[in-house]
Amino acid sequence: QVYLVESGGGLVQPGGSLRLSCVPSASIFSVNVIGWYRQAPGKQREMVALAPRYGSRIYSDSVKGRFTMWRDNAKNTVYLQMNSLKPDDTAVYYCNAASEAGDPLGSWGQGTPVTVSS
């Protein structure tokens, strides 16, 4: 099993930016695919971005062009840079090991809340 700890969320105004961090309990080299997910109040959890060990990163249509995900192997950390934030981005954000199709494979952590509001 792989456990991950998310951080970096907070309150930001529309149009602002945040950078989320995800630290796995194991080396990121042992995880083929890492995904970012989010769950808004009253909504189903949805996939935001996927980063395979090899190959191109994948983003949901709602965040394409605004969010960027990458792995920092030296720090054993996964990041999600969120720019041009919208109120609809308000949610609790999670990271997890994922299948190539984006299905979560590990246990969920506490997540980090992001609120986009004036």
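**Notes on the predicted model**

1. The protein carries 11 positive and 8 negative charges, whose mean positions are 5 Å apart. In this count Lys and Arg are positive and Asp and Glu negative, while His and the chain ends are not counted; each charge is placed at NZ of Lys, CZ of Arg, CG of Asp or CD of Glu.

2. On provenance, this is a predicted model, in which local features need pLDDT of at least 70 and side-chain atom pairs count only at pLDDT 80 or more, whereas totals for chains, interfaces and linings use all residues. Residues are numbered from 1 along each chain as its sequence is written, and side-chain values use heavy atoms, with hydrogens and water left out.

3. The protein has 10 strands and zero helices, so defined because helices (H or I, at least four residues) and strands (E, at least two) are DSSP runs numbered from the N terminus. In sequence order the pattern reads β-β-β-β-β-β-β-β-β-β.

4. The radius of gyration is 13 Å, which agrees with the value near 13 Å for a compact globule of 118 residues. That radius is taken over C-alpha atoms, and the globule rule is 2.2 Å times the number of residues to the power 0.38. The C-alpha trace spans about 40 × 25 × 25 Å along its principal axes.

5. Of the 118 residues, 42% count as buried (buried means under 20% relative accessible area, exposed over 50%, and partly exposed in between, with a 1.4 Å probe and protein chains only).

6. Among contacts (heavy atoms within 4.5 Å) with a separation of 6 or more, 54% are between residues 24 or more positions apart.

7. The structure holds one disulfide, defined as a pair of cysteine sulfur atoms within 2.5 Å. Cysteine 22 is joined to cysteine 95, with an S to S distance of 1.9 Å. The pair links distant parts of the chain, since cysteine 22 is in strand E3 and cysteine 95 is in strand E9 (residues 91-97), 73 residues apart. The torsion about the S-S bond is about 80 degrees, so the disulfide is right-handed. Both cysteine 22 and cysteine 95 are buried.

8. Is serine 21 buried or exposed? Serine 21 counts as buried because its relative accessible area is 17%. Serine 21 lies in strand E3 (residues 18-24). Leaving aside residues up to four places away in sequence, serine 21 touches Val5, Glu6, Ser7, Trp36, Thr77, Val78 and Tyr79.

9. Phenylalanine 29 occupies the loop between E3 and strand E4 (33-39) and is partly exposed at 44% relative accessibility. Beyond residues up to four places away in sequence, phenylalanine 29 touches Arg53 and Asn73.

10. Most residues other than glycine have a negative phi. Asparagine 76, however, has a positive phi near 50 degrees; asparagine 76 sits in the loop between strand E7 (67-72) and strand E8 (77-82). Serine 84 likewise has a positive phi, about 50 degrees, and belongs to the loop between E8 and E9. With a relative accessible area of 41%, serine 84 is partly exposed.
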